[in-house]
Structure formats: C-alpha cells, structure tokens
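Please look over the model shown here before reading the notes on its local features.

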Amino acid sequence: MKAAVLVARAVFPEVLEKLAAHFELSTNQPDAVWTQAQLISQLQGKQGVLTTGSERVDAALLAACPALKICANMAVGFNNFDLDAMSAAGVLGSNTPDVLTDTTADFGFALLLATARRMAEAEHFLRAGLWSRWRYDMFAGAEVHGSTLGILGMGRIGQGIARRAAHGFGMQVIYHNRSRLDAATESACAARWVSKTELLQSCDHLMLVLPYSPQAHHAVGAPELAQMKPTATLVNIARGGIVDDAALAAALRQGTIAAAGLDVFEGEPRVHPDLLALSNVVLTPHIASATLSTRRAMADLAADNLIRFLVHGQAVTPLNPQILNGAASA
Ligand code: 8YV
C-alpha cells in the first residue's frame, strides 16, 4: 500500500508528479495559509510531510499526528523543527544542505554590495524624480574591495561568502565560529579565526550566517552593535531572531553603525516598523536561496528524502540519522 504524504505548501508541479508516483499525495497548490490546528488536521493519517521553514513541527503536533514518520524540510535551516521531540517520537527530519550554498552566498554578497554602496536608497531617490544633478558625495558609500569582512558562523554558506570575498574582492576575511575550521579549509577560504569581540571591533562589514538556536538568539544586540565601527555595515541572511531588530533600528538611527542589509526578520513576514522607516537599510523578503534552479533542487531533495525513507527505509540528508536504524518503511 502506498504511504500517505502531505506537501504543505505550493511547489513545482514536476516535484508533485514525482511524489505522486510513490505516494497517496495531498497538496496545497493554492498555498493556503494554515493555522497550526489546520496543519495538524491535514496531517491526520499521513506518514510523511514536505514542509518549508514556515511550518512548525513540535511535540504537540507530533503527539496529535501519530502516523507521521518523516518531515522533509525544503530548507537547510531547521529551526522550525523540534528535533529532540522528533527523535523522541521516532520521526525522521531531513533538510536540504549543499544545493543552495552558492546561490545563498551570491545573495549575501549582493546584499552586502547593495547595502555598503547604498543602491536601494539611490534607486528610490532616482525613481522619486529627485535626481537633478551630480554631486561629489552623492550616495557615497563604504568601500567593499580591500576592506575587512567579518563572518559570524562559518558553515558551508559562510565559507562560500569567504571565498567570494577573498578571491573576488581582495578582502581580508576574519570569522568567528564555535568550532574553528581545519587549517586546509581556512586556507581555501583565506579566512582567519578571531574572537567574537575582535570580529565586531575589526570588521568593516559583518555578515551573519549562523544557524538559529536558542543560544544564538540576539547574538547581535545593542552591546554587540556598540562594539562595531560607526562606518560598518551589517548583513543578515541567517535567521530572524539572531539580530535584535529593535536594537538594530536604534543603532542605525543613532549612527552606531552605518547601514544594514536584511533578508530575515524577527517574526517575519512582519518587519519591525522602525526598520521600515529607515533609509540606511536594504530589506528583502527572505529570498537568499531564490533562483528557480536552486528552489527546484531544494524541492527535489526534500522529495527524494521522502521517497528514500518511506519506500526504502533510508534517507539522503537526515538530521537525526539514529532514527534510520529503527525505521520501518510504510
Ligand atoms: C528557504 C532558508 O527558502 O534554506 C533555508 O534555511 O532560509 C531558505 O532557503 C526558507 O527557509 C523556506 O523553506
């Protein structure tokens, strides 16, 4: 008998076709916004679910959905999963590493350039019909090439950004991470490990690429911003909640730092109103991995995890692989 699988959000029709060859499939192609109770109701009798970062899988959901065996997240980040609760319930989690690394690193760099070189502010000025003549300091921003880039978090995406910075833009790259990279990886990224204090104080641009965890909550708040250079820019492509958005808005208003580029927000899709009111911030709606080919690769990898697990009892990119040992296929 085919397992029952829910695809909780709209995805590529081709990915649904692939899944439908293996499963009794329920979908949400209208992309309806479900409450947690509606998600739980949709999950009744389902062995698998394809989620995105918007669906929360916690102990209450798992208790209410006893048939569930796998949650395949179409994202590399998985802070929407309570992985301990999933392991305790014998439910496998999977994510989509690697396939989005370069696309996300490209976007981090684009946001850094747009922020430091004031592109959004200048574009709005032009569209508003305010451009009457050239001036020597009009929208003069911060230098990117040759400057010092600080990277907080140094996983795959952080390393991709470091390579772009060092090899493409001749930047000095410093990073802080709980665990230091091995010498060969540090040398490939031309990056040097420093303490968090040195990172904050020395960098011209700070890029946040660390995964969200309760320990990373407000890793950059008022005390950290106060240590940065007044000319510095901050770019967050990691997760909302890593930056204290209210403190950041205050720092941008007061000139504690010069500018920020943000792709992720606390409580997104809501954005702190103080940030919306500022001109020295570039705001994008969580699109760092958004190219069609990368999103397709993410959806395919999430689908492949569902198929490999529910049909073959294995997984491509499991988050709690210990579940595989005790796994029973559908
Ligand atoms: C996703 C992301 O688009 O992969 C991640 O962790 O943040 C993005 O690439 C988003 O989480 C939707 O699933």
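## Basis

The structure is a predicted model.

## Packing of helix 5 and helix 7

Helix 5, which covers residues 101-116, packs with helix 7, residues 156-169, at an angle of about 55°, and their axes are 8 Å apart. Because of that angle, helix 5 is oblique to helix 7, and the crossing of the two helices is right-handed.

On the helix 5 side the contact is made by Thr-101, Asp-102, Thr-104, Ala-105, Asp-106, Phe-109 and Leu-113, while helix 7 contributes Arg-156, Ile-157, Gly-160, Ile-161, Arg-163, Arg-164, Ala-165 and Phe-169. The residues of this contact divide into 7 nonpolar, 3 polar and 5 charged.

## Surroundings of the ligand

The residues around the ligand are Thr-52, Gly-53, Met-74, Ala-75, Val-76, Gly-77, Leu-100, Arg-239, His-286, Ser-289, Arg-295 and Met-298.

Among them, Met-74 has a polar backbone atom 2.9 Å from an oxygen atom of the ligand, and Gly-77 places a backbone N or O atom 2.8 Å from an oxygen atom of the ligand. With His-286 the side chain takes part, as one of its N or O atoms is 2.7 Å from an oxygen atom of the ligand.

## Backbone features in loops

Glu-268 and Pro-269 are joined by a cis peptide bond with omega of about 15°, and Pro-269 lies in the loop between strand 11 (259-262) and helix 12 (273-276).

Asp-98, a residue other than glycine, has a positive phi near 70°, and Asp-98 is located in the loop between strand 5 (92-94) and helix 5.

Key. Residues numbered from 1 in each chain as written. Predicted model: local features only at pLDDT ≥ 70, side-chain atom pairs only at ≥ 80, totals over all residues. Heavy atoms only, no water. Axes fitted to C-alpha atoms, helices over the stretch in contact; angles between N-to-C directions. Helix = DSSP H or I, 4+ residues; strand = E, 2+ residues; numbered from the N terminus. Parallel < 35°, antiparallel > 145°, perpendicular 65-115°, else oblique. Left-handed = near helix turned anticlockwise from the far one by under 90°. Contact = heavy atoms within 4.5 Å. Nonpolar A, V, L, I, M, F, W, Y, C, P; charged D, E, K, R; others polar. Near = heavy atom within 4 Å. Polar contact = N/O pair within 3.5 Å; in protein donor to acceptor, adjacent residues only side chain to side chain.
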